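Here is a structure to go through by question and answer. Each reply sets a value against its definition.

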Amino acid sequence: MPGRLHAGLDFLHTRDPAVVHRDLHMGNVLMKNGRPKISDLGQSRAVVGRELTSRQQRTRVKLTVLPGRPDVMAPEALTGDYGTPLDIFSFGLMLCQVGGR
């Protein structure tokens, strides 16, 4: 499962512009035919490098300040300076949860 989940995350992160999920946790992973599917992209945002796209800059007031759940949030989310590494942090926590079972 982790390899396929990583492939889905890689798909989001290699788009142009990259897509950051911002709310990745076990509750947002669905299983279909034994394969994990990343769901709930409602918090996701497109980023260019580590910056939000220009459209999102103009509508910044509509974006959430703190993305996702606090228990799986990367420290840089508190500063607002984040990009795809935000999801990698959450993915690592998910691996710890799966490995701990």
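The questions below go from the model as a whole to single residues.

Q: What kind of model is this, and how are its residues numbered?
A: This is a predicted model, in which local features need pLDDT of at least 70, side-chain atom pairs count only at pLDDT 80 or more, and totals for chains, interfaces and linings use all residues. Residues are numbered from 1 along each chain as its sequence is written, and side-chain values use heavy atoms, with hydrogens and water left out.

Q: Where is confidence lowest, and where is it highest?
A: pLDDT is the predictor's confidence in each residue, from 0 to 100. The mean for the protein chain is 79, and 80% of its residues reach 70 or more. Helix H2 (residues 54–58) is lowest, at a mean of 49, and E2 is highest, at 94. Over residues 57–63 the pLDDT is below 50; beyond near neighbours in sequence, this stretch has six contacts in the model. Where pLDDT is low, the predicted coordinates should not be read in detail.

Q: How many helices and strands does the protein chain have?
A: There are three helices and five strands. They are DSSP runs numbered from the N terminus: helices are H or I with at least four residues, strands are E with at least two. From the N terminus on, the order is α-β-β-β-β-β-α-α.

Q: What makes E2 and E3 a strand pair?
A: Pairing requires that DSSP finds at least two bridges between the strands. E2 (residues 29–32) and E3 (residues 35–38) have four, in the antiparallel sense, so they pair. Met-31 stands opposite Pro-36 in E3. The two strands form a hairpin with two residues between them.

Q: Why is Asn-33 called exposed?
A: Exposed means over 50% relative accessible area, buried under 20%, and partly exposed in between (1.4 Å probe, protein chains only). Asn-33 has 73% relative accessibility, so it counts as exposed. Asn-33 lies in the loop between E2 and E3. Its phi is near 55°, a positive value in a residue other than glycine.

Q: Is Arg-22 buried or exposed?
A: Arg-22 has a relative accessible area of 4%, so it is buried. The residue sits in the loop between E1 and E2. Although not a glycine, Arg-22 has a positive phi of about 75°. Most residues other than glycine have a negative phi, and most peptide bonds are trans.

Q: Which residues does a cis peptide bond join?
A: The cis bond joins Asp-16 and Pro-17, with omega about 5°. Pro-17 lies in the loop between helix H1 (2–13) and E1.

Q: What makes the meeting of Asp-71 and Arg-69 a salt bridge?
A: A salt bridge needs a side-chain nitrogen of Lys or Arg within 4 Å of a carboxyl oxygen of Asp or Glu. Here the N to O distance is 2.4 Å, so the pair qualifies. The structure holds one salt bridge. Arg-69 has a relative accessible area of 34%, so it is partly exposed.

Key
Contact means heavy atoms within 4.5 Å.
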